[in-house]
Amino acid sequence: MDVLRPALININGRIYRRNVTKEEHYEEEEEEEDVSYMGPPESEYLEEDEACDTKLIEQTDKGYRCAIEVPSVLYKYIIGKKGETRRRLESDTKTSISIPKQGVEGEIVITGSHKAAVSSAVTRVELLVESYRKKQPFTHFLSFPLSNPKIQEGFLTFKDEVLKQCSQDHGVEGSIFQNPAKLHMTIGTLALLNETEVRKACEHLQQCQHFIRDITEGNPLTLEVTGIEYMNDDPGMVDVLYAKVNAKDKSDKLQLIADRLVEHFVSAGLMVREWDRVKLHGTVINTLFRKDSVEDAGGPGRQTMSEREAFDARNILKTFGAYRFGEFGLNTVLLSQRYSSDCTGYYTSAGSANFS
């Protein structure tokens, strides 16, 4: 990092400088991020009667108090190795920081003799939380399910024919095909770190139902799943092969719904925008699904990103490039839980919004 041009963070209209120091070593061996405020002089914003920007600071008999809701999985980043981060925060801001026991959902309570000190500690804790939240793996995703029986049948026929005609091609074998019960299009991913955040995401998905129905005019969208494409430049070394999905009436309604959903969830702070537009596709082959050749007591493993083996898709693309999986009426968008299955085999749904 260029020390003369540090990374800046904008929180509630204030600009903070992010300084990365290799001082803390948690279980994940992550770098601690020390964020320093680069706003106006203290006299301009640390007045006793100024309210905290985002949190309510209450006056008590002993001074001031502010409670912050933080998912329990993030407590360790505020505590630090052997409590060093919390002690430094308390020393720097002249406050006391009370954190619930690990695994117990609750509030982090900051108390101090001066309102300005509590406000400063709140800001620093929020910056730590925001920084490490971005490093958490996603837990849920918004999806359009493609697990309709007609599409599943078309997919299974596709799989059988590919294995019959192309199994001699490098890397082509049965385990790299998607589970037909889990066929879907991903709209965007979310890291929801406790039940409160899951409920919040469900509420926001329900709020989206009105514009979804405006777009669909209260009807399911008839979709055609036809043709396959690959995601990299070399068809001889492919990791992901996907089915193309389009509205039968050739409209852009599905794309519009997906883009509006991402816009809503990004604005709500529940999703990070990755692309200008959602690339709608239904994965049918992914080398991340490939089973390892060595099985341990826990059963067959899966390959990691660094060790995945690509496959030669040239014959598949030549023979099945225009393959028709089928058509069906899409009537829902789901908040799906990663690494889960419901009674149908699809991902467990935490919430939904319907088209009609």
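A helix (H) here is a DSSP run of type H or I with at least four residues, and a strand (S) is an E run of at least two, both numbered from the N terminus. With those labels in hand, here are my notes on this predicted model.

1. **A loop residue to start with.** Lys 250 sits in the loop that links S11 to H8. Its phi is positive, at about 65°, although Lys 250 is not a glycine. Is Lys 250 buried or exposed? Lys 250 is exposed, with a relative accessible area of 68%.

2. **The chain as a whole.** You can find nine helices and 17 strands in the protein chain. The chain has 356 residues, and 45% of them are buried. If you take the contacts with a separation of 6 or more, 70% of them are between residues 24 or more positions apart. The accessible surface comes to about 19,000 Å², and carbon and sulfur atoms account for 47% of that.

3. **Helix H7, the buried side.** H7 covers residues 209-216, and its buried residues are Gln 209, Phe 211, Ile 212, Ile 215 and Thr 216. Why do these five count as one side of H7? They span an arc of only 165° around the axis, so they lie on the same side of the helix.

4. **Helix H7, its neighbours and its other face.** What do the buried residues of H7 pack against? Their partners are helices H6 (195-207) and H8 (253-267), together with strands S10 (221-230), S16 (332-337) and S17 (349-354). Now look at the face turned away from that buried side: it carries the exposed residues His 210 and Asp 214.

5. Like Lys 250, which is not a glycine, Glu 217 is not a glycine either. Glu 217 belongs to the loop between H7 and S10. With a relative accessible area of 61%, Glu 217 is exposed.

6. **A four-stranded sheet with S10 in it.** S12, S11, S10 and S15 form an open sheet in the order S12-S11-S10-S15, with antiparallel pairing. S12 (282-286) and S15 (324-330) are the edge strands, each pairing on one side only. From one strand to the next, the twist averages 25°. If you are new to sheets, remember that strands pair through backbone hydrogen bonds, either parallel or antiparallel. Helix H5 (residues 149-166) lies across S10, S12 and S15, and it runs at about 165° to S15.

7. **Zooming in on S11 and S12.** S11 (residues 240-247) and S12 run antiparallel and are joined by four bridges. S12 may be an edge strand, but it is mostly covered, with five of its five residues buried.

8. **Ala 247 in S11.** Ala 247 is found in strand S11, and at 5% relative accessibility it counts as buried. Which residues does Ala 247 touch, leaving out those up to four places away in sequence? They are Thr 222 and Leu 223. Leu 221 is another one to look up: Ala 247 and Leu 221 are 26 residues apart in sequence, yet their C-alpha atoms are 6.8 Å apart in space.

9. Thr 287 lies in the loop between S12 and S13 (291-296). What does the side chain of Thr 287 make a polar contact with? The partner is the side chain of Arg 308, at 2.9 Å.

10. **Another four-stranded sheet.** The order in this open sheet is S4-S5-S7-S6, again with antiparallel pairing. S4 (58-60) and S6 (95-98) stand at the edges with a single partner strand each, so one side of each has no neighbour in the sheet. The average twist from one strand to the next is 25°. Four bridges join S6 to S7 (residues 106-112), which run antiparallel, and Ser 98 stands opposite Val 109 in S7. Helix H4 (residues 115-133) lies across S5 (63-70), S6 and S7, running at about 15° to S5.

Note on methods
Residues are numbered from 1 along each chain as its sequence is written. This is a predicted model: local features need pLDDT of at least 70, side-chain atom pairs count only at pLDDT 80 or more; totals for chains, interfaces and linings use all residues. Side-chain values use heavy atoms; hydrogens and water are left out. Buried means under 20% relative accessible area, exposed over 50%, partly exposed in between (1.4 Å probe, protein chains only). The arc is that of the directions from the helix axis to the C-beta atoms. Contact means heavy atoms within 4.5 Å. Accessible areas come from the Shrake-Rupley method with a 1.4 Å probe; for residues, only the protein chains shown count as cover. Two strands pair if DSSP finds at least two bridges between them. Axes are lines fitted to C-alpha atoms, for helices over the stretch in contact, and angles run from 0 to 180 degrees between N-to-C directions. A polar contact is a pair of N or O atoms within 3.5 Å; within protein, one must be able to donate a hydrogen and the other to accept it, and residues adjacent in sequence count only if both atoms are side-chain atoms.
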